[in-house]
Amino acid sequence: LAIVAVVLIITTSKSGSRNDASIGTGSHNITGTQDDWVEAACQTGTFMDGLGGLPGAKASAYCRARTTNAAINISQFDSDYKMRNAIAMLHIKYYVSGIEPDGTVIVFSAPGGGRSASDLEPLTQFGFTITTAPPTG
């Protein structure tokens with residue numbers, strides 16, 4: 001199962017007489033289910049729904065990484081912008097994100113700036129890409 005985000009951009013010519021639509025695909029093609037992702041990244045018995053998460057998330061969870069026992073925040077957003085804003089607000093260094101079939105943006109983040117990206121590595125098997133957030137102001 002591959003999930004593709006499709007963005008529809010409508011542009012108007014200078015005269016305003018016609019609309020051209022162009023379609024592009026998103027960069028976060030992911031496979032699997034939420035259960036698959038949590039099982040790959042989290043130690044069994046550490047997942048807590050409704051705890052942790054990032055500011056502005058519509059849903060959140062928390063677990064301990066399989067690899068290092070470090071915290072992993074799992075958050076769902078209704079837009080990519082809100083997700084990136086929360087990442088910047090908390091100075092998260094490493095994260096992975098993807099688009100679910102209903103358009104929800106899901107992000108797994110390793111809080112605490114100096115943590116290794118290895119905590120998120122198991123998610124790459126599903127098409128997630130580890131992102132290193134740029135330093136903020």
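A disulfide joins Cys-42 to Cys-63, with an S to S distance of 2.0 Å. The term covers a pair of cysteine sulfur atoms within 2.5 Å. The structure holds one disulfide. The torsion about the S-S bond of Cys-42 and Cys-63 is about -65°, so the bond is left-handed. Cys-42 sits in the loop between α1 and β3 (48–49), Cys-63 in strand β4; the pair links distant parts of the chain, 21 residues apart. Both Cys-42 and Cys-63 are buried. Buried means under 20% relative accessible area, exposed over 50%, and partly exposed in between, with a 1.4 Å probe and protein chains only.

This is a predicted model, in which local features need pLDDT of at least 70, side-chain atom pairs count only at pLDDT 80 or more, and totals for chains, interfaces and linings use all residues. Residues are numbered from 1 along each chain as its sequence is written, and side-chain values use heavy atoms, with hydrogens and water left out.

**Overall layout**

The protein has two helices and eight strands. Helices (H or I, at least four residues) and strands (E, at least two) are DSSP runs, numbered from the N terminus. From the N terminus on, the order of elements is β-β-α-β-β-β-α-β-β-β. Of the 137 residues in the protein, 37% are buried. Contact means heavy atoms within 4.5 Å. Among contacts between residues at least 6 apart in sequence, 49% join residues at least 24 apart.

**The sheet and its helices**

Six strands form an open sheet, in the order β3-β4-β5-β7-β6-β8, with antiparallel pairing. Two strands pair if DSSP finds at least two bridges between them. β3 and β8 are the edge strands, each pairing on one side only. Strands of a sheet pair through backbone hydrogen bonds, either parallel or antiparallel. β6 and β7 pair in the antiparallel sense over six bridges. Gly-98 has Ile-106 in β7 as its bridge partner.

Helix α1 lies across β4, β5 and β7, and runs at about 5° to β7. Helix α2 (residues 80–89) also packs on the sheet. It touches β5, β6 and β7, and its direction makes about 15° with that of β7. Axes here are lines fitted to C-alpha atoms, for helices over the stretch in contact, and angles run from 0 to 180 degrees between N-to-C directions.

**The buried face of α1**

Which residues of helix α1 (residues 34–41) are buried? They are Trp-37, Val-38, Ala-40 and Ala-41. Seen down the axis of α1, these buried residues fall within an arc of 165°, so they line one face of the helix. The arc is that of the directions from the helix axis to the C-beta atoms. An α-helix has 3.6 residues a turn, so residues three or four places apart point the same way. Asp-35 and Glu-39, on the other side of α1, are exposed. The cover over the buried residues of α1 includes β4 (59–64), β5 (71–77) and β7 (105–110).

**An aromatic cluster**

The structure holds two aromatic pairs. Rings of Phe, Tyr and Trp (its six-membered ring) pair if their centres lie within 6.5 Å; planes under 30 degrees apart count as stacked, over 60 as edge-to-face and the rest as tilted.

| Pair | Centre to centre | Angle between planes | Geometry |
|---|---|---|---|
| Trp-37 and Phe-128 | 5.4 Å | 85° | edge-to-face |
| Phe-108 and Phe-128 | 6.0 Å | 75° | edge-to-face |

Phe-108 lies in strand β7 and Phe-128 in the loop between β7 and β8, so their pair ties together parts 20 residues apart in sequence. Ring pairs link Trp-37, Phe-108 and Phe-128 into a cluster. Trp-37 is buried. Phe-108 is buried at a relative accessible area of 0%, and Phe-128 at 3%.

**Tyr-95**

Tyr-95 lies in strand β6 (residues 94–99). Is Tyr-95 buried or exposed? At 10% relative accessibility, Tyr-95 counts as buried. Beyond its neighbours within four places in sequence, Tyr-95 has contacts that include Met-83, Ile-87, Val-107, Phe-108, Leu-120 and Ile-130. The C-alpha atoms of Tyr-95 and Asp-119 are separated by 9.5 Å, and the two residues are 24 apart along the chain.
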